[in-house]
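I opened my notebook to get to know a new structure. Come along and look things up with me.

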Amino acid sequence: MLSKTIWAELSLKWPKSFWDDWIRHPEQRKNRVCIRPEISRTRTFGKIGVSHGQFFDKHLKFIHLSDANVNFSKLNLNYLLKENYDNTFLKNVYTLPVVTFEELRRNMIKMDGPVRIQYNTKDQYSVLVKC
């Protein structure tokens, strides 16, 4: 969701396709952030669209619209404020056990739950994301 003010700013230059990549550019973001909701409120229409189904079979077909009614106005969402969210996020990420991709791929992790695969360079990241 966007405020009316931000829509008035962005709508004048909104692209015909790949808006999700475009909106991440610094010229659009201007140090603003988008908080990903705890419960996805998005859905895909299938292979029809500007990307011509390019990512549908591999990624998008697994997105399901929630059928649970959540009254967000009654929830305490203070944990999403930047000063709270950033600290909690970093604490959560950096307390996770570090594993290698190979350990994960071979099912060698002896615990349930999230883990962290660490990389230190752009090249290491590129190799990992291809896996």
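My entries below go from the whole chain to single residues.

**Ground rules**

I am looking at a predicted model, where local features need pLDDT of at least 70, side-chain atom pairs count only at pLDDT 80 or more, and totals for chains, interfaces and linings use all residues. I number residues from 1 along each chain as its sequence is written, and side-chain values use heavy atoms, with hydrogens and water left out.

**Entry: the whole chain**

I looked up the elements and found 6 helices and 0 strands. Helices (H or I, at least four residues) and strands (E, at least two) are DSSP runs, numbered from the N terminus. Read from the N terminus on, the order is α-α-α-α-α-α.

Next I asked how much of the chain is buried. Of the 131 residues in the chain, 7% are buried. Here buried means under 20% relative accessible area, exposed means over 50%, and partly exposed is in between (1.4 Å probe, protein chains only).

The accessible surface of the chain is about 12000 Å², and carbon and sulfur atoms hold 56% of that area. Accessible areas come from the Shrake-Rupley method with a 1.4 Å probe, and for residues only the protein chains shown count as cover.

I also checked contacts (heavy atoms within 4.5 Å). Among those with a separation of 6 or more, 22% are between residues 24 or more positions apart.

**Entry: Gln-28**

Is Gln-28 buried or exposed? Gln-28, which sits in helix H3, is buried because its relative accessible area is 5%. Setting aside neighbours within four places in sequence, I find Gln-28 in contact with Leu-10, Lys-13, Trp-22 and Ile-23. The side chain of Gln-28 also reaches the backbone oxygen of Trp-22, at 3.1 Å. I file that as a polar contact (a pair of N or O atoms within 3.5 Å; within protein, one must be able to donate a hydrogen and the other to accept it, and residues adjacent in sequence count only if both atoms are side-chain atoms).

**Entry: salt bridges**

How many salt bridges does a search of the whole structure find? The search finds 6. The rule is a side-chain nitrogen of Lys or Arg within 4 Å of a carboxyl oxygen of Asp or Glu.

I started with Glu-9 and Arg-32, whose side chains meet in a salt bridge at 3.1 Å, N to O. This pair links distant parts of the chain: Glu-9 is in helix H1, Arg-32 is in the loop between H3 and H4, and they are 23 residues apart. Glu-9 is partly exposed, at 27% relative accessibility, and Arg-32 is partly exposed too, at 25%.

Then I noted Asp-21 and Arg-24, a salt bridge with its closest N and O atoms 3.0 Å apart. Asp-21 is partly exposed, with 40% relative accessibility.

My next pair was Asp-86 and Lys-82, with the closest N and O atoms of their salt bridge 2.6 Å apart. Both residues lie in helix H4, 4 residues apart, or about one turn of the helix. Asp-86 is partly exposed at 29%, whereas Lys-82 is exposed at 57%. Elsewhere, salt bridges that share partners join Glu-9, Lys-30 and Arg-32 into one network.

**Entry: more of helix H4**

I stayed with helix H4 to look at Asn-87. Asn-87 counts as exposed because its relative accessibility is 54%. A polar atom of the Asn-87 side chain lies 3.0 Å from the backbone oxygen of Glu-83.

Which residues form a nonpolar patch on the surface? They are Tyr-85, Phe-89, Leu-90 and Tyr-94, with about 430 Å² of accessible area together. Patches are made of residues with over 30% relative accessible area and no salt bridge; like charges are joined within 9 Å, and nonpolar side chains (Val, Leu, Ile, Met, Phe, Trp, Tyr) within 5 Å. Of these, I looked up Phe-89, which is in helix H4 and is partly exposed at 43%.

**Entry: positive phi values**

Most residues other than glycine have a negative phi. That made me look up Phe-18, where phi is near 50°, a positive value. Phe-18 is in the loop between helix H1 (4-10) and helix H2 (19-22), and is partly exposed with a relative accessible area of 37%.

Asn-31 also has a positive phi, near 65°. Its place is the loop between helix H3 (26-29) and helix H4 (82-94). Asn-31 is exposed, with a relative accessible area of 78%.
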